[in-house]
Amino acid sequence: MALGGVPLPGPRAYPIVGNVLQLDSSGTGNSLERFVDQYGEIYRLVVPWGEPAIISSAALVHEVSDETRFKKPIIADLEQIRNGVPAGMFTARTEEPLWGIAHRVLTPAFGPVPIQDMFPEMHELAAQLAMKWARHGPEQSIAVTEDFTRLALDTIALCSMDFRFNSYYHDELHPFITAMSNFLTESGKRALKGNFLSSLFFWSRNRYFADIKTLRTTAQAVLDARRANPTGRSDLLSAMLEGVDRKTGKKLDDGAIIDNLITFLVAGHETTSGMLSYAFVMLLKNPETLRKAQQEVDEVIGRGPITVEHMKKLPYVTAVLRETLRLCPVIPSYAVQSLEDTVIGGKWAISKGQVVLLFLTRSHRDKAVYGETANDFIPERMLEENFERLSKEHPGFWKPFGHGQRGCIGRAFAWQEAMVIMAMLLQNFDFEMTDPTYELKIKETLTTKPDGFEMKAKLRHGLTPTELEKQLNGVVLEKSANTRNMNAKATEKGMQLKPLNIYYGSNTGTCEALAQRLAMDAPSHGYAATIIDALDAAANKLPKDGTTPVVFITASYEGEPPDNATDFVSWVKTLPDTSSLKETSYAVFGCGHHDWANTFHKVPRLVHDTLEKKGATAICDLGLTDVAQGEMFTDFEQWEDDVFWPAIRAKYGSVASEDKSQTLDVQFSTPRASTLRQDVEEAVVLEERALTKEGGVLKKHLEVQLPEGMTYRAGDYLAVLPVNPKESVNRVMRRFGLAWDSHITVAGGVDNKKTALPTGVPVPVHEVLGSYVELLQPVTKRGIQTLSNFTSSAADKETLSALATNPELYTSTIITPRLSLLDILDQYPSISLPFGNFLSLLPPMRVRQYSISSSPLISPSKATLTYTLLSGPSLANPVNLFSGVATSYLSALKTGDRLLVSVRQSHSSFHLPSDTETPVVMIAAGAGIAPFRGFIQERAALRSQGKSLGKAVLFFGCRHPDWDNLYHDELAEWEKNGVVEVVRAYSRHENKGEYVGDSILKHKDEVKELWDERARVYVCGSRAVGDGVKSVVGRVVLGDEASEEEIAKWFEGVRNVRYAVDVFD
């Protein structure tokens, strides 16, 4: 026993074979993991080549990485690989002279400058792959690992040896790849069987040495080609041929050159192709990370050429690769050997010469380092600052490239190669899995790769393959995505406008609309919005000149940042000191909903306060609005007029134009054309039908064919860009006396105002009114004040002024009955408002989000919506019909019609548990059943695949069994098949009316039992339903005597963990 340490645990070893028969012959990884679960962070195995200790904690990995106590041995697989490659960098023993010579001669070839010089060739080969995928088209299923293997082999050969395998010009893989795979696999098997048993398998032995011959013949061909055609290049091969060891004065002989050519051809492509393949598995299994990576590429590189300078400006893509190698180390383990008898971990005995296997597959998932999310793909934890923190706190946390003098010499090469291809593919393609149900399977040789993983690639930005080819060759087809930075030198009437940067955080489009409003108003105050972009685009890019004000407009979503603000919030929170932003001046306006009392305005306040703590200067007080009051546009205008612009004038001065009236210079013409400008794509209606019968509020079902490449998960939203009701458009046309075929050209106004409308081209008026502006939003106070300036009646002017200045009167007269700008014009005929002013007072059209009511497991390219038609007499004037903008638009669609949509991810907690055996409780009322139909559909599909399901109960509130018993037949079939149990509550059924909360209480014992079994609870419906159900479930879990305060405290502890809510008004 070494130094009095404790003997290692481990499975029972049998005579002669030891533990070999307990190891999975198709790959030892699963067996090693099984033993980790059984014996813990360290255990012993007995195999033909020794009795290694297997370690799987970051702390032990760090300890055995001490090169004063442990060295790198050549054993097992590597010992067998020496049969074909005896003197390569990875197979020669450290004490052998050839290893030292090769190490000293070849290391400079992988220095920073040589690696950067390889960028053009890396780019060329990455472009070959991109063009192959583009030309095959979006329906071609890509064998991902095979294509990345071709790419990586061609790249290492061209960049380091100036040799072209031209793998993309051949249908079959190069014989070197096949021979290499066979050679590595058989070497692993020989390590387990031992030399004697291996010699008995004649066929395997003969093929093994035939594969070795193929490898050495290929390497010899590369060497011969260079000698026959000297290039004068300074690359890896020239270093092998011409390099002189500074210590011994010796050069590498031909045998060592052949060995190292094979070594780098194998290692240089096998590991990189595995890393890239795993990265796309992880991104597609976690689509939000794919969106963030793509967004970063769009913001940093845009549509222009990719350069070597971009490689260091992609921190999120870097984090994606780091996190990929953490969860899926391509080299799953490597060995060290003890130099003396020693003890590790404070108690475990390790004998001199004993091999210790660092099992990275599990040490990289050490919960002592990563907590309960150790098995989750979270690239954010690998961003630079956190990566550095982890490396200090847990030095053994990440070892995919080994360590010390025997660490991977080609790490920088592999990293740059991977970054180039990631950037190029994310820039130009959208991706989806060929099989959305694919679960990661691993193929093992000496390295690992995903097995059976295929995906599809669709060109982005409407590119054709020909256009992509031009773009990859450096032809800029259009401005990059982040060149919305407009020219701050724009001049009108000899007035030079000052720059203003505006950033918004928005999931639903409201804050983006406010940002557009501010940009439109800016020229009136002497400023031009040079940047209008998402908050994430501001990370690391805030102006530090002291003269450019920055405005942040953002919302909170249950206390979390909007999807396009998470990176910025993370960045600003982790800035190092209080002087980081000392030259930045800013203002913040925030949106929130008072129903989320504990997180009301959390993100806007956090942004405002954190910027100040980091040294930035607040221009004015934080502006806030409560969207529950429906006055966000009015509140924003009031903050603009009374707080923000006066503070700007006081700090910077202004060169405001004399004419501050909000108007647009418009011209009418008759040519017909249409232009839409929204971040949505075209879908096609496949089916539409009513779900309710006469007597009930109309609820409908809509199925659409999604655009190519658009994917979703059960529980996500479909954002729809609607069109205003035709009657609303007709009212405007009549009010302004416009012919139906009138066209309008918006020129921007005397102050070069920004606008969300199409400018400079004739567009039909009815299309502008129908598609680009919100006609039915309550008119803002500023809008009313503007109207008062255009009335010829003194009495009307006084009334309008009172509405604009009296908050109580404004709320009761405008907000409660939802009076729009058009309603006010109808009520006050004395107002003679120019059409340009009318348009300038309307907010831009925004998308509406609806829960998707289907599962992609049924059909990944199709999605369904379930919605309630909002329609009834207008509160403003009962003579007019009020119709919900989006629901009336959806209701009018017929099969074959087209609509503009995009998928928006729901909160990460509002998806089915990854463990299908976790019980599920779903609670819905009315159209709130939408996401749960998708959940149940998904469970039915999983059951048909043989998956075991936990119990699921749906509590569903309807009005009457004869009116709105939505999806009755489907639910009955699923219930019959054991997929779900349905409990209905009918609120208007004779004299037995009950609500969904009542039915939960009737089944409280069952609900409590499921909760105790770690059930997940999901609620979808109106806010009133959400609040009521929260109290009911709280009493079921805590007991009938629980107070509202206790329930609220309990709810905060389980919200978005085991209790997910999706409510709407």
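Residues 24 or more positions apart account for 77% of the contacts (heavy atoms within 4.5 Å) in the protein that have a separation of 6 or more. The model is predicted, so local features need pLDDT of at least 70 and side-chain atom pairs count only at pLDDT 80 or more, while totals for chains, interfaces and linings use all residues. Residues are numbered from 1 along each chain as its sequence is written, and side-chain values use heavy atoms, with hydrogens and water left out.

The protein holds 36 helices and 36 strands. These are DSSP runs, numbered from the N terminus: helices are H or I with at least four residues, strands are E with at least two. The radius of gyration, taken over C-alpha atoms, is 33 Å, close to the 31 Å that the globule rule gives for 1065 residues, so the protein is as compact as a globular protein of that length. The rule is 2.2 Å times the number of residues to the power 0.38. The C-alpha trace spans about 105 × 75 × 55 Å along its principal axes. Of the 1065 residues, 57% are buried, meaning under 20% relative accessible area with a 1.4 Å probe, protein chains only.

Helix H17 covers residues 411-428 and helix H18 residues 465-472; their axes come within 12 Å and cross at roughly 140°. Axes are lines fitted to C-alpha atoms over the stretch in contact, and angles run from 0 to 180 degrees between N-to-C directions. Met424, Gln427 and Asn428 of H17 meet Leu468, Gln471 and Leu472 of H18 in the contact.

Conventions:
Buried < 20%, exposed > 50% of the residue type's maximum accessible area, 1.4 Å probe, protein only.
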